[in-house]
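Here is a short tour of a protein model, with cut-offs given along the way for anyone who likes to check the numbers. Please have a look at the structure, and then we can walk through it together.

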Amino acid sequence: GAAAGLKQSGNARTGLERVCDALGALGFHASVRSLEGDTAILESATCPLRPLVVTRPDAAGIDRGMWAGLVERGIRGVSADRTQCDTPRCLSADAPCLVVLALGRQETRGSAITSPSG
């Protein structure tokens with residue numbers, strides 16, 4: 001994220017688009033497939049860690065951690081350690097990767113952040 005100049009946004013969609021743009025600047029295509037509430041699906045034909053996960057499936061946790069960390073850096077109020085990430089197509093060679101994220105909102109002043117403001 002830092003290498004690509006990724007900047008946070010208070011808006012989840014904008015933050016996710018910035019994550020995808022940052023990856024694109026590094027040569028990895030990714031796009032926001034959907035965002036509904038706190039669930040986002042990203043699609044990547046060129047996922048940065050896919051080659052590693054294909055050869056070493058036990059490294060899937062590293063891949064999920066990378067995505068959670070990128071989302072934390074892209075969306076203000078989202079915490080990587082609270083974000084749940086699943087990559088159901090990582091081992092499939094004939095389909096783009098899907099990254100399913102349950103955005104882990106940080107709590108502030110006793111209440112959860114439920115809707116980001118721009």
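## A hairpin to start

In the hairpin that β1 and β2 form, with two residues between the strands, G37 takes a positive phi near 60°. This is a predicted model, in which local features need pLDDT of at least 70 and side-chain atom pairs count only at pLDDT 80 or more, while totals for chains, interfaces and linings use all residues. Residues are numbered from 1 along each chain as its sequence is written, and side-chain values use heavy atoms, with hydrogens and water left out.

## The overall layout

The protein has three helices and six strands. Starting at the N terminus, the order of its elements is α-β-β-α-α-β-β-β-β. Helices (H or I, at least four residues) and strands (E, at least two) are DSSP runs, numbered from the N terminus.

Of the 118 residues of the protein, 36% count as buried. Here buried means under 20% relative accessible area, exposed means over 50%, and partly exposed is in between, using a 1.4 Å probe and protein chains only.

## Strands side by side

Two strands are said to pair if DSSP finds at least two bridges between them. Strand β1 (residues 31-36) is joined to β2 by five bridges, and the two run antiparallel. On its other pairing, strand β2 (residues 39-44) meets strand β4 (residues 97-102) over six bridges, again in the antiparallel sense. Strand β3 (residues 84-86) also pairs with β4 in the antiparallel sense, over three bridges.

I41 is the bridge partner of S34 in β2, and in β4 the bridge partner of I41 is V100. A40 has L101 as its bridge partner in β4, and L101 also has C85 standing opposite.

## Two faces of β2

In a regular strand the side chains alternate between the two faces of the sheet. For β2, the covered face holds A40, L42 and S44, and the uncovered one holds T39, I41 and E43.

Is L42 buried or exposed? At 1% relative accessibility, L42 counts as buried.

## Helix α1

Helix α1 has 14 residues and reaches 20 Å from its first C-alpha to its last, close to the 20 Å expected at 1.5 Å a residue. The expected span is 1.5 Å times one less than the number of residues in the helix. Its buried residues are A12, G15, L16, V19, C20, A22 and L23. Seen down the axis of α1, these buried residues fall within an arc of 160°, so they line one face of the helix. The arc is that of the directions from the helix axis to the C-beta atoms.

On the other side of α1, D21 and A25 are exposed. R18 also lies in helix α1, and R18 is partly exposed, with a relative accessible area of 33%. The C-alpha atoms of R18 and G74 are separated by 6.5 Å, although the two are 56 residues apart along the chain.

For the 15 residues of helix α3 (residues 60-74), 1.5 Å a residue gives a span of 21 Å, and the end C-alpha atoms are 21 Å apart, which agrees. The buried residues of α3 are A60, D63, W67, A68, L70, V71 and G74. They cover an arc of only 160° around the axis, which puts them on the same side of α3.

R56 sits in the loop between α2 (50-55) and α3. R56 is partly exposed, with a relative accessible area of 47%. From R56 to L91 the C-alpha distance is 9.8 Å, and they are 35 residues apart in sequence.

## One cavity

How many cavities of 30 Å³ or more are there? The count comes to one, and the largest cavity holds about 30 Å³ of space. On a 1 Å grid over the protein atoms alone, a cavity is a set of points where a 1.4 Å probe fits but cannot get out, and lining residues have an atom within 4 Å of a point. Grid points are joined across faces, edges and corners, and a volume is the space filled by probe spheres set on the points.

The largest cavity is lined by G1, A4, V19, A22, L23, L26 and L70. Helix α1 (residues 12-25) gives the most to this lining, with three residues.

Note on methods:
1 Å grid on protein atoms, 1.4 Å probe; cavity = no way out; pocket = protein on both sides within 12 Å on 5 of 7 lines; lining within 4 Å.
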